[in-house]
Amino acid sequence: MIAFGTYEFVAHRQCYRPPVPSFPKLDDVWDALKAADLSTQAFDRALDAFPVRNVVGKLFARLDAVHSSGAEGSTTTFTDLMEYQTVLKRAPDVGDARQVEAAAVAFDDLALDSTEPITAIKRIHKRLFEHSTDQMKKEQAGRLKTYPNGTMDPDAANGIFHYCAPHSVEGALTEWRELTLGSDGKPELLRQALSHWMFEHIHPMNDGNGRIGRLLVPLLMKQKGALNNACAFLGESVYHDKDIYIEALKNARRSGDMLAWCRTFSFLVNQTARNNLERLRKLGELYEDWLSRAKPIRSHSVAHRLLPWILVTPRFTVRDATAFTALNGDRTTFAAINIAIARLRDIGIVELEGTARSNRLFGAKEVMSLFEVVGVRVPT
Ligand SMILES: Nc1ncnc2c1ncn2[C@@H]1O[C@H](COP(=O)(O)OP(=O)(O)OP(=O)(O)O)[C@@H](O)[C@H]1O
Ligand SMILES: [Mg+2]
């Protein structure tokens, strides 16, 4: 099947070189695209209006990292990740949690600046693999692939479809960057749909291409000014509908027709944005409720200052809370924070997790229940 794109032989392997895909007719994709656009923009505006800063980075990008990694077989849940981020650095599978956190940290790192996209993919890859226990992956962290990589495909020769040949990656990425950064008035989400398709077919790194490609979508939508926040995620939908996502990527290659892929991509982005918008709405209601429940606590208690932080840090120890207050130049003592947390426990905002007597872990279950991934391993 050599209908679309070209093939190059590397050590008897047929490696696919994707072309720069053409935009489908706007009329044909318009309904799906418009729906995705409206949802992401509604989510973007709601984030701007939200009373607590950086919910997108602290919660939604974390959730996306859990989903996007979960789609690739990771077992770390949102609850696990929140716990791993405390001073305890604890998780059922520490190596797995570290990788999920790395995807989230890559988001933090890149959401703030306008890194050139080829540098960005190397930076994300470095974050993902620099601490890998697999020595080869660790050495390759942040570098383009040097060996052909592929995936099972019953239609391909020998049952494996090979992505872009290593020697062609730089050239293909240069074309990809031009497509990705283009600005000729085409809808940005449509451009990023095509960019994602091309990126996954180049598959420039030895591993992590799915997670990197999905992370680029929100980052580029923000960088290109289509949204204020890097919030056009698709990890959650890919996690739930991975087969549809992969089939659509494949079918577009087989037919050369980008329409169905662009519609699927729009659907995935739309679905994730709608779910996130609903989560944010509930989070806002919860915060209002917390503020009114906390009113009886004396006004100069640090408990009030902790509330917005707990909303975006729903698992923590007293040491974490002390570090947070110190960051803001506040000299509140460990003992005073302990007392404030006890007040917040009295009104049901936080609960003690587990039975440890030192380094006690606290959690805000109401936040956690909005973000925990349904269907993934039950958190321990
Ligand atoms: N047949 C295919 N054609 C094009 N792209 C594909 C195909 N199958 C998978 N992909 C893309 O490749 C990604 C998986 O690639 P890769 O392994 O490099 O990334 P990853 O994030 O490490 O995922 P994994 O943990 O599964 O290995 C998928 O998420 C998808 O985006
Ligand atoms: Mg992989």
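What radius of gyration would a compact globule with 380 residues have? The value would be near 21 Å, and the chain has 22 Å, which agrees. The radius of gyration is taken over C-alpha atoms, and the globule rule is 2.2 Å times the number of residues to the power 0.38. Along its principal axes, the C-alpha trace spans about 70 × 50 × 35 Å.

This is a predicted model, where local features need pLDDT of at least 70, side-chain atom pairs count only at pLDDT 80 or more, and totals for chains, interfaces and linings use all residues. Residues are numbered from 1 along each chain as its sequence is written, chains are lettered from A and ligands numbered from 1 in the order in which they are written, and side-chain values use heavy atoms, leaving out hydrogens and water.

The chain has 16 helices and seven strands. These are DSSP runs numbered from the N terminus: helices are H or I with at least four residues, strands are E with at least two.

Strand β1 (residues 6-10) pairs with strand β2 (residues 13-17) in the antiparallel sense, over five bridges. Pairing requires at least two DSSP bridges. Y7 has Y16 of β2 as its bridge partner. Two residues lie between the strands, and A11 takes a positive phi near 45°.

Now turn to two helices. The axes of α4 (residues 94-111) and α5 (residues 117-129) come within 8 Å and cross at roughly 150°. Axes are lines fitted to C-alpha atoms, for helices over the stretch in contact, and angles run from 0 to 180 degrees between N-to-C directions. The two helices are therefore roughly antiparallel, a label for angles over 145 degrees.

Methods. Parallel < 35°, antiparallel > 145°, perpendicular 65-115°, else oblique.
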